[in-house]
Amino acid sequence: MKMKHVNARLICQVSAAAALVLAGNAMAADAFSSDSKWMTGDWGGERTKLIEQGIDIKADYVGEVGGNLNGGYNDDKTARYADQFGLGVALDLQKLWGWDNTQAKIQLTNRNGYNISNDRVGDPRAGTLSSSQEVYGRGHMVRLTQLWIQHQFFDNKLDVKAGYFGEGEDFNTFPCDFQNLAFCGSQVGNWATNIWYNWPVSQAAIRVKYNINDELYAQIGAYNQNPSQLEHGNGFKLSGSGTKGTVLPVELVWSPKVNSLPGEYRVGYYKSTADADDVREDINGFDAATTGDAYKTHSSKSGYWFVAQQQLTSHNGDATRGLNIAANATFHDKDTNFIDNYQSVMFVYKGPFDARPKDDVGIGAARIHVNKDVKRNAELLNASNGVSDYDNAAFSPIRETEYNYEINYGFHVTNWLTVRPNLQYITHPGGVDEVDNALVAGLKIQSVF
């Protein structure tokens with residue numbers, strides 16, 4: 001297959017990664033060693049000394065390739081590359097300054113690149129609901145993603161965190177080892193339209209957690225809802241100008257051991273105090289697409305979620321290997337939210353082969369459902385405009401349900417480099433039946449410097 005417009009940056013970075021691996025295999029030095037936690041090594045022991053003093057420097061990289069193999073809105077085949085660089089520092093303030101049970105974090109991120117989903121997989125008039133390259137988004141710019149301080153009170157029973165950070169760090173949290181967005185990170189932020197901002201966007205926030213016992217805790221948060229922080233050039237905005245309201249999440253988290261194997265179960269609820277437009281009705285309760293009047297405004301919007309992760313088996317008695325299952329579900333306000341519900345399930349087997357004990361293989365399926373009032377609104381809009389032909393540029397695509405599937409294999413090349421080739425299949429991209437199902441080839445590179 002001929003892939004046009006392949007990003008030259010991808011070729012250079014993959015080649016560099018390969019060269020680093022070869023260097024690590026050829027020399028036993030800390031830098032580039034396969035046994036080191038960091039690509040750049042321990043800096044002659046200085047890095048460990050800094051950590052012992054309370055200063056842990058963080059530097060990482062994620063790069064993702066997406067190539068449309070078949071189907072989609074535009075089957076003119078190409079490949080796209082998107083990436084993210086991260087640089088930060090985690091501080092143990094007890095070690096540094098004698099502040100008991102106190103931590104802090106500063107994190108910068110820089111995203112770049114392009115997404116195969118925007119114009120190849122999905123109809124640009126409708127887009128896709130998920131994304132085949134989860135690292136894409138929130139602008140080509142540097143952002144202040146974390147700036148917070150955290151303190152534990154009463155023998156670590158009460159934990160308070162305040163500063164600038166996103167909801168998904170603490171609420172509805174989920175790993176990001178898949179490449180498709182429907183299986184990566186906090187899912188509420190993907191579907192709670194315009195109110196819950198996931199990484200790398202930060203918000204003025206406070207989170208209070210109470211540890212009920214060793215397995216159970218409850219938490220509540222308050223996050224400034226400020227759409228202006230999404231704008232290009234506002235990556236370091238700390239002022240409250242542009243604030244629309246506050247997002248208030250609450251969550252109960254249970255982390256039991258089942259047959260001595262770890263699990264985590266989360267149930268939560270969020271409410272936004274900002275005004276939110278109805279997706280269908282006008283100010284008089286009629287169909288806005290027909291009357292042309294302004295959409296009705298609601299004083300808030302809300303939703304809830306459920307997350308389950310459980311290790312099911314160990315591998316020959318080794319608990320670091322074995323089969324894991326995870327499931328996500330979110331449900332949202334049908335009056336104001338574009339997506340009204342989402343569900344996914346994933347299976348990951350860690351250490352599938354004795355010769356590759358740190359590799360993993362994963363498979364996942366997700367369903368994303370568009371609010372029926374959104375569909376009805378588009379139908380009425382097309383009728384009022386006298387447009388019925390999907391190929392007419394003025395036609396508003398009818399969106400219903402999108403399904404995403406991914407299978408991947410994570411090669412643990414070194415302790416600081418994982419390369420994860422994957423295949424994705426998207427049914428009804430954007431929830432639009434007229435768009436062909438799409439097959440996407442992906443490659444995810446994760447490295448710690």
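1. Two strands are taken to pair if DSSP finds at least two bridges between them. In this predicted model, strand β14 (residues 322–332) and strand β15 (residues 339–350) pair in the antiparallel sense over 10 bridges. A hairpin of six residues connects β14 to β15, and F331 has N341 in β15 as its bridge partner.

2. Strand β14 also runs antiparallel to strand β13 (residues 301–311), to which nine bridges join it. Here the bridge partner of Q309 is A326 in β14.

3. The largest nonpolar core has 29 residues, of which W196, Y270, W305 and I368 touch the most other members. At least two residues of this core come from each of α5 (188–191), β13, β15 and β16 (360–370). Strand β15 supplies the largest share, four residues. Beyond its neighbours within four places in sequence, Y270 is in contact with residues including W196, L248, W305 and H332.

4. The whole structure contains 22 salt bridges. In one of them, E251 and R266 bring N and O atoms to 2.7 Å. E251 belongs to strand β8 (residues 245–254) and R266 to strand β10 (residues 261–272), so the pair ties together parts that are 15 residues apart in sequence. Both E251 and R266 are buried.

5. A salt bridge between D373 and R280 has its closest N and O atoms 3.3 Å apart. It links helix α7 (residues 372–384), which holds D373, with strand β11 (residues 276–282), which holds R280, across 93 residues. D373 is partly exposed, at 24% relative accessible area, and R280 is partly exposed, at 22%.

How values were computed. Residues are numbered from 1 along each chain as its sequence is written. This is a predicted model: local features need pLDDT of at least 70, side-chain atom pairs count only at pLDDT 80 or more; totals for chains, interfaces and linings use all residues. Side-chain values use heavy atoms; hydrogens and water are left out. A nonpolar core is a set of buried Ala, Val, Leu, Ile, Met, Phe, Trp, Tyr and Cys residues joined through side-chain atoms within 4.5 Å. Buried means under 20% relative accessible area, exposed over 50%, partly exposed in between (1.4 Å probe, protein chains only). Contact means heavy atoms within 4.5 Å. A salt bridge is a side-chain nitrogen of Lys or Arg within 4 Å of a carboxyl oxygen of Asp or Glu.
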